[in-house]
Structure formats: structure tokens, C-alpha cells
Amino acid sequence: MTFHQETTMIEIPKTFEEQAAQRMTLYADALHTHGVFPGAPLAFVGVLTTGLPGEVIELALITPGAEHVWRAQPLGPIEGGAYRRHGLTTLDLASEPPFTQVYPHMLEVLQSAGPVTLIAWTGRFITAAVAASLPPGTPPLTPLDLQAIVDEQDRTLNPYARYLPSLPGMGYTVETPQIDPASALSHARALQAVTAALLERRSTRTIPPRW
């Protein structure tokens, strides 16, 4: 016997502005289920790595009222694709401490910020990269994964979608700052701006240009 599971889809508005507002409502409501509200104490993390995910070579942390950036010397090589993205070489990082020395400082800063919710764009990627940079058994970094939240809501609108949203690609829903691929802090700042826009439901009013 064959069972057919019917997929319920939300009706999509016809205009771009209405579609953006619809997505905004879904994203904001989903964040609320994770305890993330306007005015809540939040922190944001961005990283550069040696590969996918590779080791962390730059980590940026934005806490309420402060920004922090650390660089780390990797144990392994930097993959060609990662180098073409951020332009960093092992020689550039030769004088930096290993990530095993950086990580405790980052945790201290995060703890001193008080009870905050740590948000990443690709939380699973950052968790894997941090784990790859540390000895087994080290407490992991497990931020809230905003990409996963957005993707889950996108599939509510289109269950057949086969792509993951990107942080720059969020410009089709909110005003997304220009991101410098060579700066972990630039990624964290863009993430902070996008999160604020989602929580405040500030959707775009025009279709961004296609390059």
C-alpha cells in the first residue's frame, strides 16, 4: 500500500514587497521561539578558516557595546579556495598564537558579557571549525544557527527548495551591509544588522540588482 503525504504550502503574495513582508514575519516569529526578541542581549560571531570547515584563523565576536577580533596560527595548510576567499596565508599568521590560546580568551569575553544569546550565520559550520581547531574534549562553541532558521522558514514557503540561503543573499529580504570576505568582523557586523532587521521586521521595498 502506498501512502501519499500531502504538503501544505502557504499562499505566496504576488508582489515582491508583500513576499518580503511575509518572509519577515516567518523569520521573526521563528526567532521568537528561540527566545530572541527586540532588545534582548545578543552576541554575534564570525570566522575565517583554512577550509571547509578547516581550522579557525580569525574569529570576531560582537558583544553588547564591544567588538573583539582574534587571529590564530593554524596547524595545517590553508586550502586554495579559502585563500582565494580571504587572502590570508600561513606566513601572514606565523606570529599569531594557536587557537588553543585564543579560545579561552574568547570564552572569557563572552562570559563577561553576561547572559547573552550567541548567534552565527552558519552555526554548524562554526561549531565544526572550532572543534577542528581544538583538542578533543574541549567545550564546544554552539551558537544559534540563523541560516538554519531562515532555511526552515523558506521551506515552509517552498518545500521543494534545494538551496541554502547566504548572508549576502539576505539582501532580497532585508538591507544587508556590504561584506568584506577578508574580515570576520565584517561578517559579524552584517549578521548583527540582518538579525536586527529581522526582529524589527524591516523588509526591503525594492528588488536588489542582479549582478
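β2 and strand β3 (residues 66-71) run antiparallel and are joined by six bridges; helices (H or I, at least four residues) and strands (E, at least two) are DSSP runs, numbered from the N terminus, and two strands pair if DSSP finds at least two bridges between them. This is a predicted model, so to speak a computed one, where local features need pLDDT of at least 70 and side-chain atom pairs count only at pLDDT 80 or more, while totals for chains, interfaces and linings use all residues. Residues are numbered from 1 along each chain as its sequence is written, and side-chain values use heavy atoms, with hydrogens and water left out.

**The sheet as a whole**

- Five strands make up an open sheet with mixed pairing, in the order β3-β2-β1-β4-β5.
- β3 and β5 are the edge strands, and each of them pairs on one side only.
- As background, strands of a sheet pair through backbone hydrogen bonds, either parallel or antiparallel.

- Leu59 has Trp70 as its bridge partner in β3.
- The hairpin of β2 and β3 has two residues between the strands, and Gly65 there takes a positive phi near 85°.
- β1 pairs with strand β2 (residues 56-63) in the antiparallel sense, over six bridges.
- Two of the partners in β2 are Ala60, which goes with Gly46, and Glu58, which goes with Leu48.
- The hairpin of β1 and β2 has six residues between the strands, and here Gly54 is the residue with a positive phi, near 70°.

- Three bridges pair β1 with strand β4 (residues 117-120) in the parallel sense.
- Ala43 sits opposite Leu118 in β4, and Phe44 sits opposite Ile119.
- β4 also runs parallel to strand β5 (residues 144-145), joined to it by two bridges.
- On that side Ile119 stands opposite Leu144 in β5, and the bridge partner of Ala120 is Asp145.
- The chain gets from β4 to β5 through α4, and this β-α-β crossover is right-handed (with the strands pointing away from the viewer, the path from the first strand over the helix to the second runs clockwise).

**Burial in the strands**

- Eight of the eight residues of β1 are buried, so β1 is largely enclosed by the rest of the structure; buried means under 20% relative accessible area, exposed over 50%, and partly exposed in between (1.4 Å probe, protein chains only).
- Both faces of β1 are covered, with Leu42, Phe44, Gly46 and Leu48 buried on one side and Ala43, Val45, Val47 and Thr49 buried on the other.
- β2 is mostly covered too, with eight of its eight residues buried.

**The largest pocket**

- The largest pocket has a volume of about 650 Å³.
- On a 1 Å grid over the protein atoms alone, a pocket is an open set of points with protein on both sides within 12 Å along at least five of seven lines, whereas a cavity is a set where a 1.4 Å probe fits but cannot get out; lining residues have an atom within 4 Å of a point.
- Grid points are joined across faces, edges and corners, and the volume is the space filled by probe spheres set on the points.
- The lining has 27 residues, and Val47, Arg85, Thr122, Phe125 and His187 lie nearest the pocket's centre.
- Two or more lining residues come from each of β1 (42-49), α2 (80-86), α4 (123-132) and α6 (184-200).
- β1 gives the largest share of the lining, five residues.

**Arg85**

- Arg85 lies in helix α2 and counts as exposed, at 51% relative accessibility.
- Not counting residues up to four places away in sequence, Arg85 touches Pro181 and Ala182 (contact means heavy atoms within 4.5 Å).
- The C-alpha atoms of Arg85 and Leu48 are separated by 9.3 Å, and the two residues are 37 apart along the chain.
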